Amino acid sequence: MRLLAPLALTLIVAAAVGSVALADDAAVKGAPMSRGWVFGERGGADLFDNVCAACHQPDGKGAVGAAAYPPLAGDKKLASADFVLNALFKGLRGMPPLGDMMTDGQVADVVNYVRTHFGNSYADAVSASQAATARKTAAP
């Protein structure tokens, strides 16, 4: 019994130190998470990492599990910026209309990021004014 108390204390301290180290690692690796109903991330990479990657995966290859999350990697549908804007503002299948939680600039940033990463090379960049127009068009 006397050996168990020091062992238990050692395990508790190790677990606490390990969880602090994990929390510190997570904070260093990514942008801060948004709070509330508006995304606070800046730039397409941070938006993708904190919003989109949970379903589409960090490598953009999608996933199948409790649902099917389509790949963005090498997706020919992304050739149409209108397709991506429409998906963000109206939602698509199980994806909610996440564009409602972004500014026009954030929408343009994440659309441009997805269209130029993961094996995609669609160079015609989307502007914030194009996102604003798409937002108006998508409104019910």
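1. In the protein chain, 48% of the contacts with a separation of 6 or more join residues 24 or more positions apart. Contact here means heavy atoms within 4.5 Å. The model is predicted: local features need pLDDT of at least 70, side-chain atom pairs count only at pLDDT 80 or more, and totals for chains, interfaces and linings use all residues. Residues are numbered from 1 along each chain as its sequence is written, and side-chain values use heavy atoms, with hydrogens and water left out.

2. Now the overall layout. The protein chain has five helices and two strands. From the N terminus, the order is α-α-β-β-α-α-α. Helices (H or I, at least four residues) and strands (E, at least two) are DSSP runs, numbered from the N terminus.

3. Next, burial and surface. Of the 140 residues in the protein chain, 31% are buried. Buried means under 20% relative accessible area, exposed over 50%, and partly exposed in between (1.4 Å probe, protein chains only). The accessible surface of the protein chain is about 9000 Å². Carbon and sulfur atoms hold 65% of that surface. Areas come from the Shrake-Rupley method with a 1.4 Å probe.

4. Look at helix 2 (residues 44–56) against helix 4 (residues 104–115). They pack at about 85 degrees, with axes 8 Å apart. That makes helix 2 roughly perpendicular to helix 4 (angles under 35 degrees count as roughly parallel, over 145 as roughly antiparallel, 65 to 115 as roughly perpendicular, the rest as oblique). Axes are lines fitted to C-alpha atoms, for helices over the stretch in contact, and angles run from 0 to 180 degrees between N-to-C directions.

5. Who makes this contact? Helix 2 supplies Gly44, Ala45, Leu47, Phe48 and Cys52. Helix 4 supplies Gln106, Asp109, Val110, Tyr113 and Val114.

6. The structure holds three aromatic pairs. Rings of Phe, Tyr and Trp (its six-membered ring) pair if their centres lie within 6.5 Å; planes under 30 degrees apart count as stacked, over 60 as edge-to-face and the rest as tilted. Phe48 and Tyr113 have ring centres 5.8 Å apart and planes at 40 degrees, so this pair is tilted. Phe48 lies in helix 2 and Tyr113 in helix 4, so the pair ties together parts 65 residues apart in sequence. Phe48 is buried at 0% relative accessible area; Tyr113 is buried at 16%.

7. Phe48 also pairs with Phe118, again tilted: 4.8 Å centre to centre, 45 degrees between the planes. Phe118 is buried at 18% relative accessibility. Phe48, Tyr113 and Phe118 form one aromatic cluster.
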